[in-house]
Amino acid sequence: MREVAVIGAGMTRFGELWDLSFREIGIEAGFQALVDAKLSSHQLNAFYLGNMASGSLLEQEHIAPLVIDYAGLAGHHVGAIRVEAGGASGAVALHQGYLAVASGAYDYVVVGGAEKLTDVPDFTANRISGSTADQEWESVFGATLPGLWALVARRHMHDYGTTREQLAHVPVQAHAMGAKNPNAHFRNKITLETVLGAGPVAEPLGVFDCAPLSDGAAAVVLGPMDEAKKHQEIPIRIAASQVACDTMALQHRRELTTLEATVTAARQAFALAHRAPADVQVAEIDDSYSIAALVALEDLGFAEKGKSGALFAQGAFAPGARTVVNPSGGLKAQGRPFGAVGVAQAVEVVRQLRGQSGERQVPGARLGLTHNIGGTGATAVVHLFERVN
Amino acid sequence: MATTIARYWRETPRRYNLGGSRCTVCRTIYFPPRSVCPSCSTHRQSLGKMEPFQLSGEGEVYSFCTVHDAAEGFEMEVPYVLALVKTREGPLLTGQVVDLPAERVRIGLKVRATFRKLREEGKAGVIHYGYKFSPAEEPPPHRRPGRSSEPSRSGTPAPEEGRVRA
Amino acid sequence: MDVGIVSYGAYVPRYRITPGEIGRVWGADGEGMGASLNVKRKSVPAPDEDTITISTEALRVALLRGAIDPQEIGAIYVGSESHPYAVKPTATVVAQAVGATPYLTAADFEFACKAGTAAIQTCMGLVGSGMIRYGIAIGADTSQGAPGDALEYSASAGGAAFVIGREHLIARIRHTASYTTDTPDFWRREGQRYPSHSGRFTGEPAFFRHVTECARRMFEVAGTQPRDYQHVVFHQPNGKFPQRVGKQLGFTEEQMRYGLVTPYIGNTYSGAALIGLAHVLDHAEPKDRILVVGYGSGAGSDAFDLDATEEVGELDRSFGQPVSEFLEQGIELPYAVYAKFRGKIHMGGS
C-alpha cells in the first residue's frame with residue numbers, strides 16, 4: 001500500500017442555503033478542492049460522493065453522476081460512485097477514496113460529501129435521519145434519533161454520574177468555536193443557561209443538545225504522497241483510515257454507553273499510525289448530540305470511561321488544551337449536512353494542519369483526527385491526518 | 001410514512017407475541033429472532049441451530065427518555081416515554097412505557113409488555129398493533145398463575161416458555 | 001353436562017375523567033349530572049387503546065389465570081359496538097395476539113350493549129354440544145358520546161373476557177334466557193361518529209321493561225326468586241338504572257354490591273355487565289348464586305343464572321388486576337387532554 005495525501009480541500013458554507021440547489025453546492029465544494037490541488041480535470045480518475053439520502057430527500061437516486069455532469073466532467077467519463085453509511089457517509093466515502101489511491105488502482109480521486117436537507121419539511125428530514133436507526137425494532141415503536149441518544153445519555157448519567165450541566169458544556173463550546181468559523185451554520189455564542197433553558201427534544205436532551213439540519217458540501221482531493229508536492233505546498237498524509245461497524249439497534253449493544261465501533265476503529269487507527277490519543281493536537285469528533293461527543297471522547301481514548309463530562313466541563317478539550325476538540329464548531333455549530341460531515345471534518349483538520357485556520361487555528365498542530373458515526377454508532381469511522389514536513 | 005402492509009404483517013408473531021430465538025449451541029436468547037447466533041458466529045456453528053424462544057414480556061427499565069419532538073405518526077402521544085427494557089430472559093427491547101406519568105419512570109422500574117396500537121396508516125389505512133410496556137410493580141417475577149390445587153393443565157407451559165403473554 | 005366459566009379477566013384503561021370536569025367545559029352542572037347518573041368518574045382509553053387492545057389484555061389475563069393453552073380455544077367472539085374497523089375483524093387480531101390461531105373459528109358481534117352476553121350464549125352452545133373445548137366470549141368497547149351530550153358524562157371504555165368450557169368450572173351457567181323486541185331507544189347509523197338516543201324513552205319502555213321482563217323470565221325458567229341469589233349484575237348504562245331496576249325486582253343493595261361498577265368507571269357498553277360479573281367472580285364464594293341481566297338498546301336482554309363452584313377459590317383470581325383495582329385506581333385527565341385522546345380535536349392537514 002502506498003502513502004496517500006490530501007492535496008486539495010474545499011467546502012461550502014453550511015446552513016440553510018435556500019438559494020442553492022444540491023447540484024450547485026456539490027460543484028462549489030469540488031471546484032474549490034480541485035483548484036486547491038492544482039489538478040486538471042483530465043487527471044481525475046474517480047469521484048466518490050458521500051450522501052445519505054438523496055433518494056428520500058430529493059427523490060433523486062443515482063446522484064453521483066449528476067454532480068460529475070454539472071461539474072462539466074461528463075465528457076471525461078470519470079467514474080462517479082455514491083457511498084451511503086447514514087451520517088457517516090462522507091467519512092466512508094473518504095475511506096473508499098483512500099483505499100483506491102493506496103492500492104494504486106487510482107492516482108487521483110475527489111471525495112465529496114453533500115446533503116440538501118432544507119428541500120423537505122423538518123419533520124420529514126427528521127424521519128429520514130431517524131431511518132439510520134433500526135426501522136423495524138426501534139423506529140416502529142416511536143424511537144427518534146435524539147430519543148435513542150437520550151437513552152444513552154440517561155444511562156451515562158446513571159452509571160457515571162454525568163450531569164445535565166456537563167452535557168450542556170458541549171454545545172456551549174461548539175458555538176464559541178462556530179463564532180470564529182465563517183462557514184458555520186451557527187455563529188452565535190451561547191451560555192449554559194441557554195442550553196439548560198431550551199425546550200426539550202427527548203429528555204434529558206434539549207434543543208441545544210442536538211445538531212441542526214443543514215445544507216452543505218465539502219470535498220478533498222487525494223493523490224499519492226510521493227507526487228503530492230507537485231500539487232500542494234503542504235500535503236497532509238492520511239496516517240490511518242478505519243471503518244468499523246456494530247449492531248444496527250442500540251438494544252443489541254453489549255454496552256449502551258460505549259460505541260464499540262468507535263473503540264475498534266480508533267484502536268486500529270492508532271496502531272497503524274504508531275500513535276496514541278495523547279499525540280493528537282486537533283480532533284473533529286461527531287457531536288451530533290452532546291452525549292455523542294462525550295461518549296466519543298471516551299471511546300477514542302481522550303478521556304477515561306465515565307470521566308468525559310467532568311473533563312469537558314473543565315475545558316480539557318478547549319483551545320489551549322493538549323487536544324483541541326472541534327475547532328470548526330463541530331456538527332452542532334458548523335452544521336450537520338449528513339453526507340458532507342465526514343468530509344468537512346477532513347477539510348477542517350487538513351486546514352488546521354496546514355496552519356490556515358485563522359482565528360481558530362490550533363497552534364503547531366501536526367496530528368489530527370476525525371471521527372464520524374452513522375445512526376447510533378452502527379458505523380464509526382476514524383481517520384488520522386499528519387503534517388509530514 | 002406509507003409502507004406496505006406485508007412489511008408489518010410478516011413481523012406479527014414478534015410484535016404481537018414477543019417470539020424470539022435461542023441458540024441451541026450457546027443458549028443465548030435473541031429478540032427479534034436471528035438465523036445465526038452473533039455469540040458463536042465465528043465458525044457459524046449456530047447456522048440452522050436457532051430455535052424459537054418465547055419471551056415472557058416481563059422486565060425492567062434499563063434506560064428511558066421522554067420524547068417531545070415526536071416521530072411522524074406519534075404526534076398525538078407526545079410526550080411519550082421511550083425506553084430500553086431489560087427482559088427477564090436477557091434481551092433488551094426498545095418500546096414505549098405507558099400508563100405512568102413520565103416523571104415517575106425510573107431506571108429499574110418493573111414493567112410488563114402490554115398490547116397496544118403502535119401506529120395507524122392515516123384515518124383510512126390499517127392499524128398496526130404490538131408491544132409497549134406498562135408498570136408492573138405488583139406480581140412477583142416467577143409467579144405461576146393458574147389454580148392452586150392444579151397449577152398447570154392441558155400441558156400448558158410455564159410462563160417462561162408460555163406463548164400467551166406478550 | 002355442565003357448561004360454565006373456566007376463567008375470566010377484565011381490563012379497563014388507566015385514565016379517568018370526572019363529570020364535573022366535563023360539565024365545566026360545557027357550562028353545565030357536571031357534578032349534578034354525575035350525582036343524578038351515579039357516575040363519579042369514567043374511564044378514558046389512551047390514544048393507543050381500542051377494542052382490540054382492551055379485548056386482548058382481558059383475554060390474556062383470563063388465559064394466564066386459568067392456565068389455559070390458547071391452542072385449545074375453539075372459538076373467539078368479540079362483542080362490541082366500537083370495533084376499530086368497519087370491515088376487518090377484531091377477533092382475528094385478538095386470536096393472533098393470544099396465540100390461538102389458526103385452528104379456531106372467530107367472529108365479531110355487534111348487538112348494542114349485549115353483544116358480549118350474546119357471545120357467551122353462542123359459546124355455551126358450541127361447548128355444550130361438544131364442538132369445541134373452550135369458547136371465548138368478550139365484551140369490550142371504547143364508547144363515545146357526542147361532545148356536550150348527556151352521554152358524554154358516562155360513555156367509557158373497558159372489557160372483560162370469559163373462557164367458557166365444560167371442565168374445571170369456577171361457575172356453572174345453569175340457565176340462560178333472553179327477551180328480544182325491536183325498541184329503538186338508541187342507535188348509530190353507518191358512518192356516524194356519535195350515537196343518537198331518544199332521551200327519556202331509553203328508560204321505561206327500553207331498559208326497564210326489557211331487564212325486568214328478562215329477569216322474570218329467568219326466575220320462571222330457573223324456578224328462583226331474588227332472595228336465592230347472593231349477587232346480581234345488571235346492564236349499567238349509568239349508576240342509577242341498575243339500582244332502580246334491582247330495587248323494583250326486589251334485590252337488596254348487598255346483592256348488588258359487587259355487580260355495580262359503572263359509578264367508578266362509567267358505562268363500558270358491551271363491557272358493562274361483563275366487568276360487573278368479573279367483579280362478582282373476584283369475590284364469589286363456592287355455592288354463591290349469581291344472576292346477570294344484560295341489556296342492549298334495540299337488542300333486548302340476556303339473563304344468566306350461575307352458581308360458583310368449589311373451584312372458584314382455587315383460581316388465582318388476584319393474578320393480573322382484580323376489578324377492584326380498576327375501580328380504585330386511575331389517572332385523572334383534564335377535558336382538553338381527554339378531547340385529544342378521544343380524537344375530538346380537529347387536526348389540520350391530511
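Two strands pair if DSSP finds at least two bridges between them. Strands (E, at least two residues) and helices (H or I, at least four) are DSSP runs, numbered from the N terminus.

## Basis of the model

This is a predicted model: local features need pLDDT of at least 70, side-chain atom pairs count only at pLDDT 80 or more, and totals for chains, interfaces and linings use all residues. Residues are numbered from 1 along each chain as its sequence is written, chains are lettered from A and ligands numbered from 1 in the order in which they are written, and side-chain values use heavy atoms, with hydrogens and water left out.

## A hairpin in chain B

Start with strands β5 (residues 80–87) and β6 of chain B. They run antiparallel and are joined by six bridges. B:A83 stands opposite B:G95 in β6(B). Four residues lie between the strands of this hairpin, and B:G90 takes a positive phi near 130° there.

Strand β6 of chain B spans residues 92–97 and is mostly covered. Six of its six residues are buried. Buried means under 20% relative accessible area, exposed over 50%, and partly exposed in between (1.4 Å probe, protein chains only).

## Where chain B meets chain A

Contact means heavy atoms within 4.5 Å. By that rule, 33 residues of chain B are in contact with 27 residues of chain A. The two chains bury about 2900 Å² between them, 60% of it on carbon and sulfur atoms. Buried area here is the accessible area (1.4 Å probe) that two parts lose on being put together, summed over both.

There are three salt bridges between chain B and chain A. A salt bridge is a side-chain nitrogen of Lys or Arg within 4 Å of a carboxyl oxygen of Asp or Glu. B:R15 forms one with A:E136, the closest N and O atoms being 2.9 Å apart. The elements of chain B that give two or more residues to the side touching chain A are α1 (5–9), α2 (12–17), β4 (58–67), β5 and β6. The largest share, six residues, comes from β4(B).

Two bridges join it to strand β5 (residues 200–203) of chain A, and the two run antiparallel. The bridge partner of A:E203 in β4(B) is B:T66.

## The sheet of chain A

In chain A, 10 strands form an open sheet with mixed pairing, in the order β3-β2-β4-β7-β1-β8-β12-β11-β9-β10. Strands β3 (79–83) and β10 (324–325) stand at the edges, each with a single partner strand, so one side of each is left without a neighbour in the sheet.

Strand β9 (residues 282–284) runs parallel to strand β11 (residues 367–374) in chain A, with three bridges joining them. A:V282 has A:G368 as its bridge partner in β11(A).

## A buried histidine

A:H185 lies in the loop between α7 (164–178) and α8 (192–197) of chain A. The residue A:H185 is buried, with a relative accessible area of 17%. Residues touching A:H185 include A:F14, A:P212 and A:Q334, not counting residues up to four places away in sequence.

The side chain of A:H185 makes a polar contact with the side chain of A:S214 (2.8 Å). A polar contact is a pair of N or O atoms within 3.5 Å; within protein, one must be able to donate a hydrogen and the other to accept it, and residues adjacent in sequence count only if both atoms are side-chain atoms.

## Chain C

Two pairs of chains touch, and the most contacts are between chains B and C. No contact joins chain A and chain C; their closest C-alpha atoms lie 12 Å apart.
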